[in-house]
Structure formats: C-alpha cells, structure tokens
Amino acid sequence: MKVQPILDPGFVPAILWNREFEAEASQGGRTVTIGLLRDDRAVARRCVKITADEDRSFVYIERMIKRMLWAVGGNRILFDGPDEIFQRLEHHYAESSVGRFDSEIIGEKIYGHALRIEKATAEQIPEPQTEGAALGRHLDGCRIGFDLGGSDRKCAAVIDGEVVFSEEIKWDPYFEKDPQYHFDGTMDSLKRAAEHLPRVDAIGGSAAGVYVDNEVRIASLFRGVPEEQFNEKVRPIFKQIQKAWGGIPVDVVNDGEVTALAGSMSLDDNAVLGISMGTSLAAGYVTPEGNITSQLNELAFVPVDYRKDGPVDEWSGDAGCGVQYFSQQGVARLATLAGIEFPTDTPFAEQLIEVQRLMAEGDDRARKIYETIGVCFGYAIAHYSDFYDFRNLLILGRVTSGEGGQVIIEKAEEVLRAEFPELAEKVTITTPDEQMKRHGQAVAAASLPMIGEKQ
C-alpha cells in the first residue's frame, strides 16, 4: 500500500486485497462461476479462480457477490464451485445478520422475492443481457424538478430548460412515523414552484433509495414509517402525487442517477460515475452510450475495506462498507480519531459543519480527516473501476464542500498516480461547476419525463 490514510492505518483496500488473492489463485486455482439474475433475467456474470484456502476464498466470493448485489441488483444467484463454499453461502444468507439483511432488503423488499442461491454448472449460467434506457434530457415545456434529501428538499421550476425559480427547504424526514409528513412536504415544494410557471407539463424527481416504476421499494427517507404502513402509504406515494397533479407525466428515480445524468449533461460527455458524499453515499451511472441503467448502484453497502474489524454500518450491520468512509458519518468517525470531540448527541450534520469550520481556519486535525477520506477514496475508485466503465468521475455532496473537497480530490489522484497509473490517465475527477451546483440536479430531474408519454 503506497499511500497511507493517516487517521485510519488499519484500512485494507478491497482492490489490493482482491489483486493479491487473484495473483495467488492464478497459480493453479479452481475456477468458480457466479451468475446474478433479476428474476429470470441475467444481469451479471463473473468467472474467477479461488485458492485452496477455504476461509480466504469464502471472503473473496462473498464480498464479490455482495458487490454484485448492491451495485447491480438481483434476487437469484447461480453458483458453480466447491460444495463447501456453496454451503457457507447458503448459511450466510439464511443465518447471519449481515447475510439476512442483504437477502431481506434486496430480495424481498426491492425485488419482491427472497434471495435464492442455487447450484448450477458454468454452462447453465447465462451471459448478462445488455440494458440501459435513454431516460431524461427532455427540456421542452414547463417542468418542475425536485430532490428529496435527508435534511432539505430542493425544488425548481424550469421553462424550456431555463430555471425560473429554485429553493431549498429544511425538513427532517428520517424518523417521521407519519407518511403524510413526506407527502405534504413534497406537495408544498411542488406548489411553491408551480406558482412561477404558467402551467405544469411534467414533474421529475429524485431521492435516496430504490424506485421501480415510480414506486418506493426502499428508502432511508422513510425509515421511521412503521412497516405496516409502508406498502399502503409509502410505496405508492409518488403515484398519489401524480394523481394530485392531474395525471401529468411524473418520473422519480434514485438521486445518484440524477446526479450522474446532471453531470453527463453538464460535461456533454458520457461514461459518468457520479458519487455524492452527503448524509449517506449515493451513486449513479451513465453508460458510455449515454443511458441510465436499472442497476441499483447502492455503493453505500459495497465493501471498500476488507479488514476484519472495520467500522460497522448501524443499518446493515456489515463492516467496511462505503457509507462509513464517504459520507458525513465517515467525517464524524474520523473526527473522533483526529481528536475532535463532540457531545455524544451531536448530529452528524452538525459535526460536519464544525469540521468544515475548523478546516477553513487551517486546523490540522480537520485537514487530516479530508486527507484520510481522499486516500480511501482513491483506492475505492480503483475498486469501482472493476465493475463500472467510466472516464468521468463526478463527486459532490456536502462532505466535498469547501477546501476539504479539493483535498479529497488531490489525495485520491495521488493514490491513482502511485498505484493505478493507467486509471490516473483514463479518469478525470471533476466537481460540479457553479451552474450545475445551482440548478443542475433540478434541471436533470425535471428533464426525466417525456411530455406526451402515456403513463
């Protein structure tokens, strides 16, 4: 490891761990083939080698499947490999809390069926089908774009691509039990934007979470809503909003996808991976062909650190996942290691604000936090490049605001130059320009629906 994260020396980059293991396995290791299906459609396939070390081989395979599940998304795993590894995987998804989380959230809540793992031969595991939809980039007419975040909701009124009104309103949806709070808040922002338009032709929106056909499948914004109300009130909430607006075209997708789309529109280029470091870690992807895919891109749950005692995410219970490194949670975790103390009940958002203030004053402890994030991010970029084809990396989010954001980029680029020179040549790391910061997300969200399309 050529560049050390100064506050987190125990960090074990997934990319380096994998490459070391793959080098060992290339010397006569056994072939394993894994397929991921979404219902009956193949969406990912990997053919790899493992060593005779069963424990390390299991870690390699289980972490790979975890990455496939949360980056691509699927509810059926086909496995061609040793019986011992297969049985451990079965036990993992049935008995361990971490495995059950993946099975319940991805299988049951997102795709409607429990996660299944089945033995198969390599010949029975199909190649993935290409996918991608030309969603967005529609700028005609009078549109509203919105983004629902964990601490504020943004909304803009757009006429033929020009923003005529935008605003941010603070809210606190995470632990609200009544879904009417979310409905009323969203409607309030839409009505305030509509006052600046002669009519409303379409509405496009984004929010953290997984949305399929404008239905909420899982989203941290609604974590406080009791389970029994989720299916009845939360799942169809955007279809109810569409009904309230007379059935005009409405499209809602994951905020990461809109970020990547906004980046692609701003850069006038494709092959964009967008990473937002905010309340959580959000991501979106625009293919080299310029399409948004139906992949999950939930990189918050993709492991980037393979140490055994890595920081644990309080929701999934898993260790070493991206959210613990590239979000305001990550800043709060590192602030403790840097010696910056907060009362135990200080919200992460307030801790971030204080770290930003210290950074602006030249505090060395704050700088070390951003340097550490940047180093870890540099190794994570290389890890992401194993399963995304991108040449533009757009980073944004409140963690990257101010001078600290530039430190993150500089340290990430240092890692790429030192460890992955070909990637350093290929990938350009960018941040939103002022136009995109002000209105890019809202314009991209507003451009999602096609006016005149039948819904």
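**Reading a three-domain predicted model**

Tutor: The protein is divided into domain 1 (14-124), domain 2 (142-253) and domain 3 (261-437), with bounds that come from an automatic or database domain assignment. This is a predicted model, in which local features need pLDDT of at least 70 and side-chain atom pairs count only at pLDDT 80 or more, while totals for chains, interfaces and linings use all residues. Residues are numbered from 1 along each chain as its sequence is written, and side-chain values use heavy atoms, with hydrogens and water left out.

Student: How many Å separate the centres of domain 1 and domain 2?

Tutor: Taken over C-alpha atoms, the two centres are 36 Å apart.

Student: How should I read a sheet, and what is the strand order in the open sheet of four strands?

Tutor: Strands of a sheet pair through backbone hydrogen bonds, either parallel or antiparallel. Here, strands (E, at least two residues) and helices (H or I, at least four residues) are DSSP runs, numbered from the N terminus, and two strands pair if DSSP finds at least two bridges between them. The open sheet of four strands has the order β2-β1-β3-β4, with mixed pairing. Its edge strands are β2 (41-50) and β4 (116-119), each of which pairs on one side only. On average, neighbouring strands of this sheet are turned by 20° against each other, direction ignored; axes are lines fitted to C-alpha atoms, for helices over the stretch in contact, and angles run from 0 to 180 degrees between N-to-C directions.

Student: In which sense do β1 and β2 pair?

Tutor: Strand β1 (residues 30-38) pairs with β2 in the antiparallel sense, over nine bridges. Leu 37 stands opposite Ala 42 in β2. Thr 33 also has its place in β1.

Student: Is Thr 33 buried or exposed?

Tutor: Buried means under 20% relative accessible area, exposed over 50%, and partly exposed in between (1.4 Å probe, protein chains only). Thr 33 is buried, with a relative accessible area of 2%. Contact means heavy atoms within 4.5 Å. Leaving aside neighbours within four places in sequence, Thr 33 is in contact with residues including Arg 45, Phe 79 and Ile 125.

Student: What is a nonpolar core, and how many residues has the largest one?

Tutor: In soluble globular proteins, nonpolar side chains tend to be buried together. A nonpolar core is a set of buried Ala, Val, Leu, Ile, Met, Phe, Trp, Tyr and Cys residues joined through side-chain atoms within 4.5 Å. The largest one has 92 residues, and those with the most contacts inside it include Ile 61, Ile 275 and Phe 377. Helix α11 (residues 364-384) gives the most to this core, with twelve residues. At least three residues come from each of domain 1 (14-124) and domain 3 (261-437). A second, separate core of 33 residues includes Phe 165, Phe 183, Ala 193 and Trp 245.

Student: Why is strand β12 described as largely enclosed?

Tutor: Six of the six residues of β12 (residues 272-277) are buried, so the strand is largely enclosed by the rest of the structure. Val 272, Gly 274 and Ser 276 point one way, and Leu 273, Ile 275 and Met 277 point the other way.

Student: Which strands pair with β12?

Tutor: Six bridges join β12 to the antiparallel strand β13 (residues 281-286), and a hairpin links these two strands through three residues. Met 277 has Leu 281 as its bridge partner in β13. With strand β14 (residues 392-396), β12 pairs in the parallel sense over five bridges. There, Val 272 has Asn 392 as its bridge partner.

Student: How many disulfides does the structure hold?

Tutor: A disulfide is a covalent bond between the sulfur atoms of two cysteines. The structure holds zero disulfides, a disulfide being counted as a pair of cysteine sulfur atoms within 2.5 Å. The sulfur of Cys 155 is 14 Å from the closest cysteine sulfur, in Cys 142, which is too far for a bond. Cys 321 is in no disulfide either, as the nearest cysteine sulfur, that of Cys 376, is 14 Å away. Cys 155 is buried at 3% relative accessible area, and Cys 321 is buried at 0%.

Student: Where is Asp 213 found, and what is its phi?

Tutor: Asp 213 is found in the loop between β9 (210-212) and β10 (215-218). Its phi is positive, about 50°, although Asp 213 is not a glycine. Asp 213 is exposed, with a relative accessible area of 63%.
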